[in-house]
Amino acid sequence: MVAEPGPGQLGRQPLLSPLRRRASLTFGLRLRLMLTLAAVAIFPIACVAYVVVRDEVRDVTRTVDFQVHDAAQNAKANFSRLLDKRQLDAVAAAASPRLQAAIGRNDTAELERFARHRDLLLEINGRTYGRSPGDAFTASAQLVRNGRAIGSVVALQPKNRKTLHQLSMGAPEGVLLTYVDVGRPIPPGTSHGTTVRLALPVGVRSYMPGAVVSHRKNSAYLRVVEAGLLALAALMLLTLVLARPLLRAFRWTEEQASEARIDALTGLANRRALEEILAAEISRAQRFEHQLAVVLLDLDRFKEINDSFGHAAGDVMLREVSRLLTSLARQGDTVARWGGEEFVVALPETDLPGAIRFAERLRRSIERHSVGEMQTSASCGVATMLPEDNVEALLGAADQALYQAKANGRNRTENAVRRPHPATA
């Protein structure tokens, strides 16, 4: 037995069905929009992920290179400090009254005890006292008696694991050091590294094992994959309620990805990045009254290389010059590709003589450096900042100096002669 609808039900049923149909239709449209936009967005997300992965891996590689190079320089500085301390030990021993008295008495037993107790070598009138390890770095001081040189005091720094550990103090995590013979082939497993000379022919090689580098790159890949999956999930959810803002976000993401600040060929900062960095450096130099110099460098007759060897070979030469400039720059300097075969190096806290010396070092290094049968030279224009300068004025002065270097025969350095504008009353 079916109950008849009451008065309220008679008026409510015709209204509920259209509302339900409308809600179902709206949800269906949103679901189709979500799936459609998700399908369309897979390609741009994949492209963005590729760009991010490439930049992440490149950043990892640059970080590794910087850490390895910094560890090598720190090791060299630590080595200099160790030898300086040894040198002071030798000087103090040479001035010791005990040593002078033993020399005066010609007490060989006392001289031997003195040398062994202080871990020194004494070379007096052709005789040697003390122990000499098989392999050690040395720092000596002259031994004088009655105004006459009679020998020397030699302080020893053994070339062993303990010394190597002292050199590695402060190295970033994952960076290792090993002794090498300078000029010999690179030891297996240390190919990704930097070698600095300690003493002829000993050097120290700072490197990061390939497994550590691979782990860092894989971590970068994983971060990007996770970010991509989360972004896709968030996209599918947001398209339910936000279609138009989402499309604007896609356009913004693509614009950001296309506005790279790194030159793709050389890996250096590009023109846009240089202008931003130089503007910040000028502002800082004006605020703290520091000096600032730029070197504008142009490869001479580079078109002949392209014509003779091809554009691919010319690209190789540009990359080699880029690596050369980066290796010669100090930490804190900015090396950028200005365009074509022109490069710019920004030198904070550098006066004109220092900038000219640096430019000459660049020019001579490029002149001596060859890539296969290819060889080139460089013309350099140097300019220093005036108090009223902006980016355009400073680079314009360097460009005028470069033009003068070209006009005077190429393969030379010219500096911009500039004077501050008189102050207005």
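What is the volume of the largest pocket? The largest pocket has a volume of about 1,500 Å³. Of its 37 lining residues, Arg 62, Asp 65, Phe 66, Thr 326 and Ser 327 are the closest to its centre.

This is a predicted model, where local features need pLDDT of at least 70, side-chain atom pairs count only at pLDDT 80 or more, and totals for chains, interfaces and linings use all residues. Residues are numbered from 1 along each chain as its sequence is written, and side-chain values use heavy atoms, leaving out hydrogens and water.

**Overall build**

The protein has 11 helices and 14 strands. These are DSSP runs, numbered from the N terminus: helices are H or I with at least four residues, strands are E with at least two. Buried residues make up 36% of the 425 residues. Buried means under 20% relative accessible area, exposed over 50%, and partly exposed in between (1.4 Å probe, protein chains only). The protein exposes about 25,100 Å², and carbon and sulfur atoms supply 55% of that area. Accessible areas come from the Shrake-Rupley method with a 1.4 Å probe; for residues, only the protein chains shown count as cover. Among contacts (heavy atoms within 4.5 Å) between residues at least 6 apart in sequence, 64% join residues at least 24 apart.

**Pocket and cavity**

On a 1 Å grid over the protein atoms alone, a cavity is a set of points where a 1.4 Å probe fits but cannot get out; a pocket is an open set with protein on both sides within 12 Å along at least five of seven lines; lining residues have an atom within 4 Å of a point. Grid points are joined across faces, edges and corners, and a volume is the space filled by probe spheres set on the points.

In the largest pocket, α1 gives the largest share of the lining, 11 residues. Elements that each supply at least two lining residues include α1 (7-94), β6 (193-199) and α9 (311-328). One cavity of 30 Å³ or more is counted. For the largest cavity, the largest share of the lining is three residues from α7. Glu 281, His 290 and Pro 348 are among the residues that line this cavity.

The table sorts both linings by class. Ala, Val, Leu, Ile, Met, Phe, Trp, Tyr, Cys and Pro count as nonpolar, Asp, Glu, Lys and Arg as charged, and the others, Gly among them, as polar.

| Space | Volume | Lining by class |
|---|---|---|
| Largest pocket | about 1,500 Å³ | 11 nonpolar, 16 polar, 10 charged residues |
| Largest cavity | about 30 Å³ | three nonpolar, two polar, three charged residues |

**Two buried residues**

Asp 263 sits in the loop between α6 (244-258) and α7 (271-288). Asp 263 is buried because its relative accessible area is 16%. Its side chain makes polar contacts with the side chains of Thr 266 (2.7 Å) and Arg 337 (3.3 Å). A polar contact is a pair of N or O atoms within 3.5 Å; within protein, one must be able to donate a hydrogen and the other to accept it, and residues adjacent in sequence count only if both atoms are side-chain atoms.

Asn 306 belongs to helix α8 (residues 302-309). Asn 306 counts as buried, at 15% relative accessibility.

**Backbone exceptions**

Most residues other than glycine have a negative phi, and most peptide bonds are trans. The peptide bond from Leu 200 to Pro 201 is cis, with omega near -5°. Asn 146 has a positive phi, near 55°, and is exposed at 75% relative accessible area.
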